[in-house]
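This briefing accompanies the sequence and model displayed below. Please read the points with both in view.

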Amino acid sequence: MEKSMRVLDNRSATARREKNARSHTKHLTRCALLIALALIISVIESFIPLPFALPGIKLGLSNIVTVYALFAFGPRDAFAILAIRIFLGAALTGQLAALPFSLAGGAAAFAVAYLFWRFSPYRSVRACSMVSAVAHSIGQIAAATAITATPALAFYLPVLVLASLIVGAITGTFAAELFARLPQTEASPHGKLTR
């Protein structure tokens with residue numbers, strides 16, 4: 001009797017380990033797909049000309065994936081996806097010189113998105129995307145000002161903030177659409193999302 005109980009315990013433990021391994025593999029696959037999607041967006045974005053000549057400044061369309069990952073998987077996975085996308089995106093597009101701008105913008109956008117995700121009772125993916133897009137622009141202008149020692153670059157900020165609000169609303173809409181189309185794995189600490 002005791003031997004058969006040990007056999008059953010071993011079988012159930014093995015089944016749990018196999019289930020956890022499948023779940024972990026599924027999660028890693030989803031994160032890898034999000035990294036690939038963010039890289040594709042980043043590469044496409046590198047070909048979009050901006051109406052002003054400020055090297056390294058981007059629209060931040062890859063924020064779609066970051067905001068989605070934050071709400072779907074939580075801050076740790078979202079940050080990993082963001083960091084991998086920034087480094088691989090700079091390498092793939094040959095824009096390593098723009099890496100400080102991307103890092104500054106990405107870090108600022110992530111910090112604000114995380115604070116919104118963590119503390120705001122307002123569960124809007126679009127609003128989170130908008131505030132993080134503004135932070136992205138502020139981070140990039142701060143990096144550009146520090147690197148070039150040109151404080152006059154701050155005069156671009158009002159235009160960039162306005163553009164960020166518009167682009168943030170668009171990217172937030174796309175991120176909300178990802179929630180509508182992909183399996184729901186919401187990691188939000190405050191409950192149900194709104195668009």
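**Surface and overall composition**

The accessible surface of the protein amounts to about 10800 Å², and 70% of it belongs to carbon and sulfur atoms; such areas come from the Shrake-Rupley method with a 1.4 Å probe, and for residues only the protein chains shown count as cover. The model is predicted: local features need pLDDT of at least 70, side-chain atom pairs count only at pLDDT 80 or more, and totals for chains, interfaces and linings use all residues. Residues are numbered from 1 along each chain as its sequence is written, and side-chain values use heavy atoms, with hydrogens and water left out.

**Fold**

- The protein contains 6 helices and 0 strands, where helices (H or I, at least four residues) and strands (E, at least two) are DSSP runs numbered from the N terminus.
- Along the sequence, the elements follow the pattern α-α-α-α-α-α.
- Of the 195 residues, 40% count as buried; buried means under 20% relative accessible area, exposed over 50%, and partly exposed in between (1.4 Å probe, protein chains only).
- Among contacts (heavy atoms within 4.5 Å) between residues at least 6 apart in sequence, 72% join residues at least 24 apart.

**Packing of α2 and α4**

- Two packed helices are described by the angle between their axes and the distance between the axes.
- The axes of helix α2 (residues 63–73) and helix α4 (residues 99–119) come within 11 Å and cross at roughly 35°; axes are lines fitted to C-alpha atoms, for helices over the stretch in contact, with angles from 0 to 180 degrees between N-to-C directions.
- From α2, the residues T66, L70 and F71 meet F110, A113, Y114, F116 and W117 of α4.
- By class, this contact of α2 with α4 has 7 nonpolar, 1 polar and no charged residues; Ala, Val, Leu, Ile, Met, Phe, Trp, Tyr, Cys and Pro count as nonpolar, Asp, Glu, Lys and Arg as charged, and the others, Gly among them, as polar.

**Helix α6**

- The structure holds 1 salt bridge, defined as a side-chain nitrogen of Lys or Arg within 4 Å of a carboxyl oxygen of Asp or Glu.
- The side chains of E177 and R181 form a salt bridge at 3.3 Å, N to O.
- E177 and R181 are separated by about one helical turn, because they lie 4 residues apart in helix α6 (residues 157–181).
- R181 is exposed, with a relative accessible area of 68%.
- S164 is also found in helix α6, and S164 counts as buried at 5% relative accessibility.
- Not counting residues up to four places away in sequence, S164 touches A133, V134 and S137.
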